[in-house]
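Please look over the sequence and the model shown below before reading on.

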Amino acid sequence: QLQASGGGLVQAGGSLRLSCAASGRRFSNNVMGWFRQAPGKEREFVAAISWNGGRIYYADSVKGRFTISRENAKNTVYLQMNSMKSEDTAVYYCAADYSMSVVTTTLYHYWGQGTQVTVSS
């Protein structure tokens with residue numbers, strides 16, 4: 001299971017760090033991703049990281065502001081969000097999969113529950 005946490009209310013320009021802790025099995029060999037879904041919109045890719053951190057991907061909308069990282073020893077992936085904007089408001093989900101082929105898609109095998117992020121302008 002994947003458990004996302006760290007969401008909350010932040011002012012525009014502020015920062016938040018999301019965490020996604022895995023339990024029940026180890027995800028150290030899996031690609032891990034973050035997605036978000038705003039009201040009335042489809043779930044969209046935010047960032048992803050390969051099992052060893054050697055490959056990292058970002059959506060253009062967050063590039064330069066968000067940083068994904070992972071600690072395999074803690075079975076945890078993080079999303080550091082800086083210079084936040086009102087358009088970052090969404091429910092954020094973490095996901096895991098065995099294959100890098102799904103990295104920017106919503107075809108991940110494992111999904112956590114979401115954590116709400118609200119950016120006030």
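Which residue forms a salt bridge with Lys 63, and how many Å apart are the closest N and O atoms? The partner is Asp 60, and the closest N and O atoms of this salt bridge are 3.1 Å apart.

## Basis of the report

This is a predicted model, in which local features need pLDDT of at least 70 and side-chain atom pairs count only at pLDDT 80 or more, while totals for chains, interfaces and linings use all residues. Residues are numbered from 1 along each chain as its sequence is written, and side-chain values use heavy atoms, with hydrogens and water left out.

## Salt bridges

Side chains of opposite charge can pair when their charged atoms come close. Counting as a salt bridge any side-chain nitrogen of Lys or Arg within 4 Å of a carboxyl oxygen of Asp or Glu, a search of the whole structure finds 5 salt bridges.

Another salt bridge brings together the side chains of Glu 44 and Arg 36, with an N to O distance of 2.6 Å.

## A pair across the chain, and a network

The side chains of Arg 65 and Asp 88 also meet in a salt bridge, at 2.8 Å from N to O. This pair links distant parts of the chain, 23 residues apart, since Arg 65 is in the loop between strand E6 (56-58) and strand E7 (66-71), and Asp 88 is in the loop between strand E8 (76-81) and strand E9 (90-97). Strands (E, at least two residues) are DSSP runs, numbered from the N terminus.

Both Arg 65 and Asp 88 are buried. Through salt bridges that share partners, Arg 36, Glu 44, Arg 65 and Asp 88 are joined into one network.

## The disulfide

A disulfide is a covalent bond between the sulfur atoms of two cysteines. With the rule that the pair of cysteine sulfur atoms must lie within 2.5 Å, the count comes to 1 disulfide. This disulfide joins Cys 20 to Cys 94, with an S to S distance of 2.1 Å. Because Cys 20 lies in strand E3 (residues 16-22) and Cys 94 in strand E9, the pair ties together parts that are 74 residues apart in sequence.

The torsion about the S-S bond of Cys 20 and Cys 94 is about 65 degrees, so the disulfide is right-handed. Cys 20 is buried, with a relative accessible area of 1%, and Cys 94 is buried as well, at 0%.

Methods
Helix = DSSP H or I, 4+ residues; strand = E, 2+ residues; numbered from the N terminus. Buried < 20%, exposed > 50% of the residue type's maximum accessible area, 1.4 Å probe, protein only.
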